[in-house]
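Biologist: Before I trust any labels, can you walk me through how they were assigned?

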Amino acid sequence: MAPLVAMSDDLIPFSPDSGDAPALRRAFGRFGTGVTVVTVKTAQGPLGMTANSFASVSLEPPLVLWSPAISSKRHDSFTSAASFCIHVLGADQEDLAQRFAGQGHDFSGFDWTEDAAGVPTFSGCLARFHCNTYAVHPAGDHSLILGHVQQVALREDGAAGLMFDQGRYGQFTPRDAD
């Protein structure tokens, strides 16, 4: 491994192998992301999980990915599911994000139905991606779940998305076009 080089800015270099997991988590947290809730149908009922690890992968075929932690009690339900739905949350849906960040079984108080495959589907989101599981890959302490997008639903009203940055929820405020 190359030696760490001092930089001429305010960054504090450290090796990710140094065992300083909190610092590494803070560094990862400097990348603000959108917020999603991913849902699946299980034998025990509907299950959801808040995730900010969502990314588009390919247009042809249409693929997306997200990555649940292996330590999550919900991990195996998601990695073994044949299909799932990714909901891109609006700025007004922080309560939905909070609920499914903490637990995954209580859908009460939210407007939802089941799609054709029985996967829970929330209303009011900015976008929904109904996916069949394309592949699951181990990736350190997480799994990468690739979804083959079967159907998309999209709001085009310009509503702001829910963002997550440095452990806080918020929303993006664009600069004026001038």
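Modeller: Below we go through some labels and the cut-offs behind them. This is a predicted model, where local features need pLDDT of at least 70, side-chain atom pairs count only at pLDDT 80 or more, and totals for chains, interfaces and linings use all residues. Residues are numbered from 1 along each chain as its sequence is written, and side-chain values use heavy atoms, with hydrogens and water left out.

Biologist: Why is T50 called buried?

Modeller: Buried means under 20% relative accessible area, exposed over 50%, and partly exposed in between, using a 1.4 Å probe and protein chains only. T50 has 18% relative accessibility, so it counts as buried.

Biologist: Which residues does T50 touch?

Modeller: Contact means heavy atoms within 4.5 Å. Leaving out residues up to four places away in sequence, T50 touches V35, T36, V37, L96, A97, F100, A101 and Y169. With A97, the C-alpha atoms are 5.6 Å apart, while the sequence separation is 47 residues.

Biologist: What makes the T50 side chain's approach to A97 a polar contact?

Modeller: The term needs a pair of N or O atoms within 3.5 Å; within protein, one must be able to donate a hydrogen and the other to accept it, and residues adjacent in sequence count only if both atoms are side-chain atoms. A polar atom of the T50 side chain lies 2.6 Å from the backbone oxygen of A97. The T50 side chain also reaches the backbone nitrogen of A101, at 3.0 Å.

Biologist: And where is T50 found?

Modeller: In strand β3, residues 45–51. Strands (E, at least two residues) and helices (H or I, at least four) are DSSP runs, numbered from the N terminus.

Biologist: How do you know that β9 and β10 pair?

Modeller: Two strands pair if DSSP finds at least two bridges between them. Strands β9 (residues 127–139) and β10 (residues 142–154) have 12, in the antiparallel sense. One of the bridge partners is V149 in β10, for C131. In their hairpin, with two residues between the strands, G140 takes a positive phi near 65°.
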